Structure formats: structure tokens, C-alpha cells
Amino acid sequence: MIESLLVANRGEIARRVIRTAKRLGVRAIAVHSEADAGLPFVAEADEAVNVGPANPALSYRNTEAILSAAKATGAQAVHPGYGFLSENADFARAVEASGLIWVGPGAEAITAMGDKINARNLMAAAGVPVAPGTTDPAATAEAAVEAATSIGYPVMVKAAAGGGGMGMGVAADEAALRTEYDKVRGFAERMFGDGSVLIERYFPRVRHIEVQILGLADGRVVALGERECSVQRRNQKLLEESPSPAVSPELRERLLAAAVRAGEAVGYRNAGTVECLFDPGSGDFFFLEMNTRLQVEHPVTEFVYGLDLVEEQLRVAAGLPPTFDPDGLVPRGHAIELRVNAEDPKRFLPGPGAITAWVEPSGEGVRVDSGYAAGTTVTPFYDSLMAKLIVYGDDRATAIERARAAVAGFEIAGPKCNLPFFAEILDNDEFISGDYDTGIVSRMR
């Protein structure tokens, strides 16, 4: 097993990786910005290094500073968490060029799946269903209009280099398409340094379902079930559950097989997620994108399969076999994750601030992965995620009941918080029925 691990991230994911590392006897090294010096992950690491000011470009995205910290502390490996540099192929290469172990997929796989157009074409060639759309970037608004005419309205306008729900727009006609094209292209150039745009068929009623995959050290790719991610605001997830209440045994078999083919097509190693759109009307699903990293929502898979995915990541990176039998994976029960954010529960606008009270719920089937505590401050420099509340039950109804009780027992004072939204959706008839889609939040508002 790896002996020392630098975690190139912050907040709850850094704390969560550190927890597994210490359980395994791996020396855990944290890097932090000046703004994060007082957060729990820094105190819980065996060693911590200040890598720069609050601006993430000068700290958490500063490759030179992070590699210098790794060298100074004698780290053997680097775990990127999610966000920041986790899907940066150049960073992965730089880590390995420095003689360190990269706890993630190879740079080639990151590159292959980082461009949505290239990824779509690769998946289509591998026999993975893709939605009708362009196979090359739409270089002009006129090209976008021509593509949309062929595909049929409504269409989704997407930044080819985007991710995490950013850089997307919907157009129901040519006028709207021209507006969205200019908007998405400009956003993509500013945010990703790449203004390439693709056009895809838009499905008005759709579910967002993803499959957790793990590329093993021996080259085999296995699927660890699916997660339902349709509770979203601004195309970004708020609540995830596993298994999906929409997936039949027959559909699950097809989904997981397609996800394995996707991983095999790029020689995938380590943890990743194949995201799909499911059209309940036709029963068809389509490849959306592949996230070449550990997902925020990985704990629901851990509950249902009884695994520690960070431990599995470390074992793959070290060339070791998994802790489980790849041919004997059996999911059990139901898990739900709620993303507890520092944001207005009605309009979902960020609301950072000093935390004056923080009391986490506990009990059977309740887990909290948090990045903060009383006396710390949610600053405006980073994502608004404060904690993940994960619950487990023998069935979905039990998991929902435990989620309600856990939300009621979670006390956070100071910053704005979206816990009241979760209390609302957990009592929503549409959600309780399991027959919901990505429009559920907008219908609640």
C-alpha cells in the first residue's frame, strides 16, 4: 500500500480522503490556502502545507506549489479529489513526471473524455448509445442552426470543454439558438479557454442517471451500480440516490454493460463515472459525459455496496487487487445523499458566512461528510458545499424516513443553508413516488 499521500484539495473531500488514509496507516498530507488554514481537514492531516492565497488559481490550482509541497513533505502519491485539478491531464502528467503516484485515471483517459465531442464520438464507436448531435464543433451560429435543423428542436447547446453542469443552454427555435450559441461560446472561452460548442437533442422530460465504474489494476473494468441524480438546480445536483427508482433489472443490465464498454474504450483505470440521460417515454438512455475522477456522490455507492471507494482508488494506484470479488458484487438496500450548501433554499444563491452553530445528526444509517465546524467560516472563494448528509436503509421508504429525521436534526447557524429545501423535497409527493425527472425542482418553485 502507498505509505504517504498528499491530498490536492480542500474541505469535505480532503477530510474524507484523509480519513481513509489514516485508517489504512497512510501518512496524510494536506495542502491549504491561507483562507482555509482553520478548517478541520488541515488539523486532521498528519502534515499540512500552505500553498498560497485564497484565490484558487494561486493555491489549489497551482501545480508548481502543490508539487513543491509534495516534494518537501516526502509524499509518495497525490489524490486530487474532485474539482480543481482532478481532471487536468497536464497535472496528472506533471505528478507522474515528478516520480509520484497519481491516484486517478491516466492522462490519456482524462484527455479523451475531457472534450465532449471527442468523448461522444469515442462512445459511439464503442457501441455506447449517444443522443443525436454534432460529431464536430459548430464553428459558427449558422453551423449550429444547420445542425439543429437536422437534429430537430429543442436542442441543447453545450461547451465541449465544460463540465459540472456549466456551459449549457436550451433552444426551442432558431432565434433562441443564436442567442444561446453566443452565450455558451463566450462563457466557454472565458471559463475553459476553449469556445468549442456542440449541439445535441434536448429531451424535455429526462432523468439523469450515472454509473460508477472502477478500472482495476489488472485492466478489468467493473460497474458498481447506478445513481439517480435528477434533483438538480441550474443543471447541478442537489440530491442523489442509489439504486435509481426508475431503473428496472433489464435497464440496469444494459446501463452497466454500456458503462463498462465506455471504460474499456479508453483503457480506464481507477474510479470514474459514466453519466447518462434516460428518457422515460421511450425507455432509451444516452451517454452524457464521463467524469474521470471520484464523484461528490460516491458515498451512496459505498453504502449500497459496502465499500470504501477511496481505499479502492489507493489499491488500484498501488497496483493491488480490490478488496472485493469483482464477480460477486451484490447491492443491498437504498442510500440517499443530500448536498448541504451555504445557499438560499429558495433561489439557491450563495450565502457564505461565519458558522456560529454546527450540530451534525447521527444514528443508524446516518453519515455526515463535512468540511466545516462551529467557529469556521464559509468564504466566497470556493464552492458552497459545506457537507454531505448520507442516509441508508433496507429500502427506499426507510431511507427517506431517516433522511427526514437527519435533516431535522442537522443544526447550522450563520451562513445561509439549503436544509429547508431538503425538508421540503423529502415530503414532496412526486419525489416520494420515485417518478420524477430533472424538472422536479423547477416545478417546486
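The model is predicted: local features need pLDDT of at least 70, side-chain atom pairs count only at pLDDT 80 or more, and totals for chains, interfaces and linings use all residues. Residues are numbered from 1 along each chain as its sequence is written, and side-chain values use heavy atoms, with hydrogens and water left out.

**Lys-237**
- Lys-237 lies in strand 11 (residues 236–242); strands (E, at least two residues) and helices (H or I, at least four) are DSSP runs numbered from the N terminus.
- Lys-237 has a relative accessible area of 10% and is therefore buried (under 20% relative accessible area, 1.4 Å probe, protein chains only).
- Its side chain makes polar contacts with the side chains of Glu-210 (2.8 Å) and Glu-297 (2.8 Å). A polar contact is a pair of N or O atoms within 3.5 Å; within protein, one must be able to donate a hydrogen and the other to accept it, and residues adjacent in sequence count only if both atoms are side-chain atoms.

**Helix 9**
- Helix 9 (residues 249–265) has 17 residues and spans 24 Å from first to last C-alpha, close to the expected 24 Å (1.5 Å times one less than the number of residues).
- Among its buried residues are Leu-251, Leu-255 and Val-260.
- The buried residues of helix 9 pack against helix 6 (116–125) and strands including strand 9 (207–215) and strand 12 (270–279), where contact means heavy atoms within 4.5 Å.
- Gly-267, with a positive phi near 60°, follows helix 9.

**Helices 4 and 5**
- Ala-89, Ala-92 and Arg-93 of helix 4 meet Ala-107, Ile-110 and Thr-111 of helix 5.

Note on methods: Buried means under 20% relative accessible area, exposed over 50%, partly exposed in between (1.4 Å probe, protein chains only).
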